[in-house]
Amino acid sequence: MEVHSTHSKLQMWLVAVLYCWLCLSLTVSATEENSENRLAILNSMDKTELSLGQSLQEALGKAAANTNLFQTYYANYTLSGFGDAEIQADFKKVGSDLMSYVYLENSRLSIFLFDSGHPKEFIVSSQKFTTPDGATVSSEEIQLAFRTAFQEVISSYVAKEYQGLPGAQPEPKTIAEEESYDTQFVAADVKKLYRELASLNDRPFYVGANVGMSRFETLSSSTTSGKSYASTVNIGGLLGYRFYGPFSAELGADFFTHFMLHSEIRSQIPLGQKYIKLSASFGGARFMSQPTENLGYAGTNKIPQGTLVYGPGLGIEIPLLGVNIRAEGRYYLGATTVFLGTYGIVYSL
């Protein structure tokens with residue numbers, strides 16, 4: 001009984017003090033749209049053991065009414081979700097132009113404001129408490145956090161400073177604007193990271209290194225022997241030049257049991273997204289030497305020096321930390337057949 005009595009006194013005192021402060025100190029002027037904005041004060045959320053949800057809802061309603069910016073009323077309704085569709089449905093259910101509520105946690109107090117005129121955006125101010133973890137926050141600190149958060153929300157509303165809803169895709173913004181997005185209440189948007197990485201300019205010259213596997217047809221001097229194949233690790237490198245448009249030319253080397261030089265013409269295939277690049281290539285390769293034997297095929301896997309092969313390739317590139325990660329497959333045909341599956345990095349010079 002003593003705990004409930006203390007909570008009740010705290011609630012009454014909090015509402016009374018906040019109301020007096022608002023009546024004496026809040027001097028926000030009305031704008032031209034004041035009388036037309038219906039603001040629904042939703043149920044506040046209290047995740048502490050103080051049971052201040054109703055008190056905070058009443059304090060928020062009185063504070064909003066004293067600004068003369070809104071037609072304020074209380075709605076016995078809780079926000080159903082943070083998605084664009086959910087919030088639009090909530091606007092219809094409460095019949096308002098704006099919605100606001102207070103969210104109280106052990107470590108912070110936050111005030112949210114949603115505007116039907118900005119369907120993919122919202123306003124929030126979050127004020128952290130200085131009370132150590134595990135201790136009960138004082139009423140004075142709750143009042144200070146409430147006043148600060150409310151002033152910031154109203155200032156942002158008057159200045160039309162909104163931020164995007166979680167998962168919503170607002171009008172295109174620069175990377176700097178997106179970085180100002182407050183991520184305390186939403187999951188990180190992975191696509192934003194990829195857009196930032198993909199925004200790096202591709203310079204004309206680039207180099208690359210890769211590793212993978214090679215599988216090739218072995219050649220034998222015996223006329224009675226059938227076809228046989230060998231597989232081994234491949235290490236390679238390349239130098240490329242980007243032309244105007246989607247085309248580029250590459251010169252490279254591959255080292256497996258054989259040393260092979262290749263040249264390719266590559267064309268980027270548009271995917272409609274900036275964070276993955278798909279490309280197709282066609283080129284030729286020449287076997288220069290055989291520096292080592294492949295165990296199990298000694299004496300039979302010799303491909304003559306100067307052998308030429310030709311064929312297509314397909315690659316995917318993903319930007320990461322200033323370089324492109326490339327995975328590629330190339331298939332050459334001719335006097336022998338060679339398939340190279342590689343992955344590595346491509347760096348613009």
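Which element gives the largest share of the lining of the largest cavity? In this predicted model, that share comes from α4, with three residues. A search of the whole structure finds three cavities of 30 Å³ or more, and the largest has a volume of about 50 Å³. Its lining consists of L39, I41, L60, A64, F70, S100, L113, F150, V153 and I154. Two or more of these residues are given by each of β1 (38-41), α2 (53-65) and α4 (139-158). By class, the lining of the largest cavity has nine nonpolar residues, one polar and no charged.

The second largest cavity holds about 40 Å³ of space. Its lining is made up of A209, N210, L238, R326, E328, T342, G344, I345 and V346. The elements giving two or more residues are β8 (205-218), β14 (323-334) and β15 (338-348), and β15 gives the most, with four residues. This lining divides into four nonpolar, three polar and two charged residues.

Of its 16 lining residues, N106, G134, A135, T136 and V137 lie nearest the centre of the pocket. Five of the lining residues are nonpolar, seven polar and four charged.

On the surface, a nonpolar patch is formed by F205, L239, Y241, F243, F247, I265, Y347 and L349, which together have about 800 Å² of accessible area. Within this patch, F243 lies in the loop between β9 (228-242) and β10 (247-255). F243 counts as partly exposed because its relative accessibility is 42%, between the limits of 20% and 50%.

Terms used
Residues are numbered from 1 along each chain as its sequence is written. This is a predicted model: local features need pLDDT of at least 70, side-chain atom pairs count only at pLDDT 80 or more; totals for chains, interfaces and linings use all residues. Side-chain values use heavy atoms; hydrogens and water are left out. Patches are made of residues with over 30% relative accessible area and no salt bridge: like charges are joined within 9 Å, nonpolar side chains (Val, Leu, Ile, Met, Phe, Trp, Tyr) within 5 Å. Accessible areas come from the Shrake-Rupley method with a 1.4 Å probe; for residues, only the protein chains shown count as cover. A salt bridge is a side-chain nitrogen of Lys or Arg within 4 Å of a carboxyl oxygen of Asp or Glu. Buried means under 20% relative accessible area, exposed over 50%, partly exposed in between (1.4 Å probe, protein chains only). On a 1 Å grid over the protein atoms alone, a cavity is a set of points where a 1.4 Å probe fits but cannot get out, and a pocket is an open set with protein on both sides within 12 Å along at least five of seven lines; lining residues have an atom within 4 Å of a point. Ala, Val, Leu, Ile, Met, Phe, Trp, Tyr, Cys and Pro count as nonpolar, Asp, Glu, Lys and Arg as charged, and the others, Gly among them, as polar. Grid points are joined across faces, edges and corners, and a volume is the space filled by probe spheres set on the points.
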